[in-house]
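Please report on one strand and its partners, and on the charged side-chain pairs. Keep it brief.

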Amino acid sequence: MNELLAARSLTTLPVVTLGGEAVAQVKDTVFDAAAGRITGFTLSGRGLLSGPLKKSLPWPAVHALGPHAVMIRDALALQDTSVVVARREAQQGRVLHAKVLTDEGAEVGTVLDVIVEGGAGGRVVGFRIAAGKALVQGSRRRRHRVYVPRGETLAVSGRALVIPADAIRYVADDLPAFAARVGAFRSGREGTAS
């Protein structure tokens with residue numbers, strides 16, 4: 001699995017061509033919640049006084065996503081903003097501050113951030129959440145903000161995010177530990193699919 005990145009950490013990353021030219025910076029990350037993938041990025045210019053660009057970066061044009069930059073082949077990869085931000089996708093992709101519910105009806109928290117896999121996949125693997133009472137075991141301070149895997153059957157309405165009930169068994173307290181928990185969650189679900 002590639003390195004995991006929080007979507008909020010992607011804001012202001014430079015968009016750099018393989019030739020080394022910085023052409024923009026990430027303004028927002030746009031998701032297709034139903035598919036569980038990044039659809040692209042809205043962009044702003046480079047520098048303090050630069051505003052939003054009328055161009056965006058569709059995910060298929062991304063060569064690689066890393067912790068320090070979004071790599072593209074060349075500046076021709078940038079497209080009109082409407083290519084990335086379709087009305088339906090933008091509404092369905094709003095997950096920040098949504099309640100997190102299990103498919104069995106338990107409320108387990110509120111979404112703080114979206115966790116994506118770096119590299120060329122753009123896959124949403126989980127969420128950082130403010131843990132609710134149903135999820136917290138032991139000290140509330142210790143488990144206040146946790147990471148939970150997405151699962152393959154994601155439902156999101158803008159007000160609520162539904163995850164599989166068994167996902168809460170794979171909660172982690174930090175991002176490095178979460179990478180291993182995502183792998184264990186996937187392995188466990190593959191074993192039960194037979």
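Predicted model: local features only at pLDDT ≥ 70, side-chain atom pairs only at ≥ 80, totals over all residues.

Residues are numbered from 1 along each chain as its sequence is written, and side-chain values use heavy atoms, with hydrogens and water left out.

Strand β2 covers residues 14–17. Strands here are DSSP runs of E with at least two residues, numbered from the N terminus. Pro 14 and Val 16 point one way from β2. Val 15 and Thr 17 point the other way. In a regular strand the side chains alternate between the two faces of the sheet. All four β2 residues named here are buried (under 20% relative accessible area; exposed is over 50%, partly exposed in between; 1.4 Å probe, protein chains only).

β2 pairs with two strands, β3 and β7. Pairing requires at least two DSSP bridges between the strands. With β3 (residues 22–32) the sense is antiparallel, over 3 bridges. Val 16 has Ala 22 of β3 as its bridge partner. The two strands form a hairpin, with 4 residues between them. Gly 20 sits in the turn and has a positive phi of about 95°. With β7 (residues 70–72) the sense is parallel, again over 3 bridges. There, Thr 17 stands opposite Ile 72.

**Salt bridges**

Side chains of opposite charge can pair when their charged atoms come close. A salt bridge here is a side-chain nitrogen of Lys or Arg within 4 Å of a carboxyl oxygen of Asp or Glu. The count comes to 3 by this rule.

| Pair | N to O distance |
|---|---|
| Lys 27 – Asp 28 | 3.5 Å |
| Lys 55 – Asp 80 | 3.9 Å |
| Arg 123 – Glu 117 | 2.7 Å |

Lys 55 and Asp 80 link distant parts of the chain, 25 residues apart. Lys 55 lies in strand β5 (residues 52–58), Asp 80 in strand β8 (residues 79–80). Lys 55 is partly exposed at 38% relative accessibility. Asp 80 is also partly exposed, at 47%.

How accessible is Lys 27? Lys 27 is partly exposed, at 35% relative accessibility.

Arg 123 counts as partly exposed at 24%. Glu 117, in contrast, is buried, with a relative accessible area of 6%.
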